[in-house]
Amino acid sequence: MSLDKLNQLYRAVILEHAANPHHHYAVPNATNKKTLHNTTCGDTINLSLHLDADNKITDIGFTGQGCTISQASASMLTDVMMDKTTEEALAIAKIFSDEAIGEKHSRDELKKLGDAQVLTQIMEFPARIKCATLAWWALKEALLKNAKGDK
Amino acid sequence: MPNWELVRQDFSELRQTMNGERLAYLDNAATSLKPKSVIERLLSFYQQENANVHRGTYQLSFKATEEYEDARKVIQHFINAAAAREIIFTRGTTEGINLIASTYGEQNIEPGDEIVISLAEHHSNLIPWQQLALRKKATLKYINLTSTGEIDLADAKQKITAKTKIVAVTHVGNVLGNVSPIRKLAELAHQNGAIIVVDGAQAVCHLPVDVQELAADFYAFSGHKMLGPTGIGVLYGKQKLLEQMPPYQFGGEMIEDVQLDNSKWDQIPHKFEAGTPNIAGAIGLATAVKYLEQVGMAQVKARDAELMAYLLPKLMAIPGVKIYGSQNPQQHVGVVSFNLGTLHPHDVATALDMEGVAVRAGHHCAEPLVHSLGTNSTVRASLAFYNYQADCDQLINAIKETKEFFKGELR
């Protein structure tokens, strides 16, 4: 049955994150925020985070609505980005977006993605890459905006 | 009645599998499949008859011009336009509507004027008017829909006033599949001195269309949604209006006389066809029209209705499926939008894809309408006359399996 292939995409961990998303809130007193839309389906991710004086993410959360993949991806992102510096966070986000365009990383590098490792199989479902990468683009834009001093 | 089994064999794309399953192509509202005759016509044109039109003095160019202009006549008869010169070849519905907004709209809309559209419009019949209204400091008004998504005629009577210059509505909605009362809206528009622009993109492939019967001033549609190639479309316009309008684009083939400091425009329709047109596209579209006429538009309409009457009750019988718009299959011309519980349409569409069923998920380029339905997106299944009851069954079974797969997610 073809739905067996669905199991490759919708692993238990993804369904779990989507059903019970982590850090599903707007960060109070956020230093950096970014809202992104997936124009093809109307999904929205509002990402907010708090950077301390050492450029470390002390809190991160998201709100919005969307499909299982986009919501699970955002939830996984918040787990992995907590307590990371801006530099570390951007490096991890790059691993994720590289994988989405087919540029492979070593197993050790992939481990840095935490639960989001399973989403790197999204290449099997090209129509869903945008859903998986939405939150990661939001993070990049939120952080880079800050790097330019445009808080 | 045509032999639908034979008709189906004309569409080679259907003879393939998707994700290891029989392909059930139910995204016809996005684009239709192409019959063998259209594909072969494109091939033979490019292999044997390729030449530019309206300029060559040699036999090949003369022949290409003749074929291109014959295509215009085929379209004219298909929609019962009064003359072939009322048929302008465009890139598609979007270009047709933009053409009217940029020419008729620029010429006639003044500050304080009103443009009236409906809440059911595709972005291509919304944004050109919204932007025109912004440029001209005019007001854009929306006709409300009834609870089943039909155009509310009582509201239309309120919205269309003496200040209204343009009324623009879809003939068949691309999300709910309902038919708009074009003739009545045209009468309202004309009584108030306005013109009516009709977006026919979803209608021409399902219904016999008679632009004079509809009393449409403009009627725009796309070739690719009616068995023709992509990149070719048609804008019908009443001769009197087209003659008064300024050109849309400037260049070759649209001029009568060019001086250093001024130029004179050619007659219609050439005034609106600057540059080398999509010659093969127009000829391919005429071949598609001939195919539709051979099947018969009345038969096409009846077949679509028969398939929808089969599909809709089965869809509604699945617990958790929410249908948007009317519950009556007769009010869904080729299109039905739905959601499965709280599952996101993208997740549903991916699961259906795994089962060989091609559907669309999202806001279908009609955000105001989809939001008015109280959701951000829907799954949309859309039929064509070459679909089968087996395609409907495959969709129904795939939805049931999807429900089972995501049972933990469904609320």
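This is a predicted model: local features need pLDDT of at least 70, side-chain atom pairs count only at pLDDT 80 or more; totals for chains, interfaces and linings use all residues.

Q: OK, on to chain B. What does UniProt list for residues 25-395?
A: The entry, which is unreviewed, gives "domain: Aminotransferase class V" for that span of chain B. In the model, residues 25-395 of chain B are 40% helix and 17% strand, and their end C-alpha atoms lie 10 Å apart.

Q: Tell me about helix 2 of chain B. How many residues does it have?
A: Helix 2 of chain B has 14 residues, 36-49. From first C-alpha to last it reaches 19 Å, close to the 20 Å expected at 1.5 Å a residue.

Q: And which of its residues are buried?
A: Val38(B), Arg41(B), Phe45(B) and Glu49(B) are buried in helix 2 of chain B. They sit on the same side of the helix, because they cover an arc of only 60° around the axis.

Q: Why would residues with that kind of spacing point the same way?
A: An α-helix has 3.6 residues a turn, so residues three or four places apart point the same way.

Q: What do the buried residues of helix 2 of chain B pack against?
A: Helix 3 (59-78) and helix 10 (279-295) of chain B. On the face turned away from the buried side you find the exposed residues Tyr46(B), Gln47(B) and Gln48(B).

Q: What about Val53(B), where is that?
A: Val53(B) is in the loop between helix 2 and helix 3 of chain B. Its relative accessible area is 0%, so Val53(B) counts as buried.

Q: Which residues is Val53(B) in contact with, leaving aside neighbours within four places in sequence?
A: Ala64(B), Thr65(B), Tyr68(B), Glu253(B), Pro277(B) and Ile279(B).

Q: Is Glu253(B) buried or exposed?
A: Buried, because its relative accessible area is 16% and the cut-off for buried is under 20%.

Q: Now Lys137(B): buried or exposed?
A: Exposed, since Lys137(B) has 66% relative accessibility. Phi of Lys137(B) is positive too, near 55°, and the residue is in the loop between helix 5 (127-136) and strand 6 (139-143) of chain B.

Q: Switching topic: which residues does a cis peptide bond join?
A: Ile268(B) and Pro269(B), with omega at about 0°. Pro269(B) is in the loop between strand 12 (263-265) and helix 10 of chain B.

Q: How about helix 7 of chain B, which residues are buried there?
A: Ile182(B), Leu185(B), Ala186(B), Leu188(B) and Ala189(B). They are on the same side of helix 7 of chain B, because their arc around the axis is only 160°.

Q: What covers the buried residues of helix 7 of chain B?
A: The cover includes strand 6, helix 6 (153-159), strand 7, strand 8 (195-199) and helix 8 (211-214) of chain B. Just after helix 7 of chain B, Gly193(B) takes a positive phi of about 75°.

Q: And how many residues of helix 12 of chain B are buried?
A: Nine of its ten, so helix 12 (residues 345-354) of chain B is mostly covered. His346(B), Asp347(B) and Thr350(B) are among them. Gly356(B), which follows helix 12 of chain B, has a positive phi near 85°.

Q: Last one, Thr90(B). What does its side chain reach?
A: The backbone oxygen of Gly92(B), at 3.1 Å. Thr90(B) lies in strand 4 (residues 87-90) of chain B and counts as buried because its relative accessibility is 5%. Beyond four places in sequence, its contacts include Glu95(B), Gly231(B) and Leu235(B).

Key:
Residues are numbered from 1 along each chain as its sequence is written. Chains are lettered from A and ligands numbered from 1 in the order in which they are written. Side-chain values use heavy atoms; hydrogens and water are left out. Helices (H or I, at least four residues) and strands (E, at least two) are DSSP runs, numbered from the N terminus. Buried means under 20% relative accessible area, exposed over 50%, partly exposed in between (1.4 Å probe, protein chains only). A polar contact is a pair of N or O atoms within 3.5 Å; within protein, one must be able to donate a hydrogen and the other to accept it, and residues adjacent in sequence count only if both atoms are side-chain atoms. Contact means heavy atoms within 4.5 Å. UniProt positions are given in the numbering used here, feature names are shortened, and annotations may be inferred rather than shown by experiment. The expected span of a helix is 1.5 Å times one less than its number of residues. The arc is that of the directions from the helix axis to the C-beta atoms.
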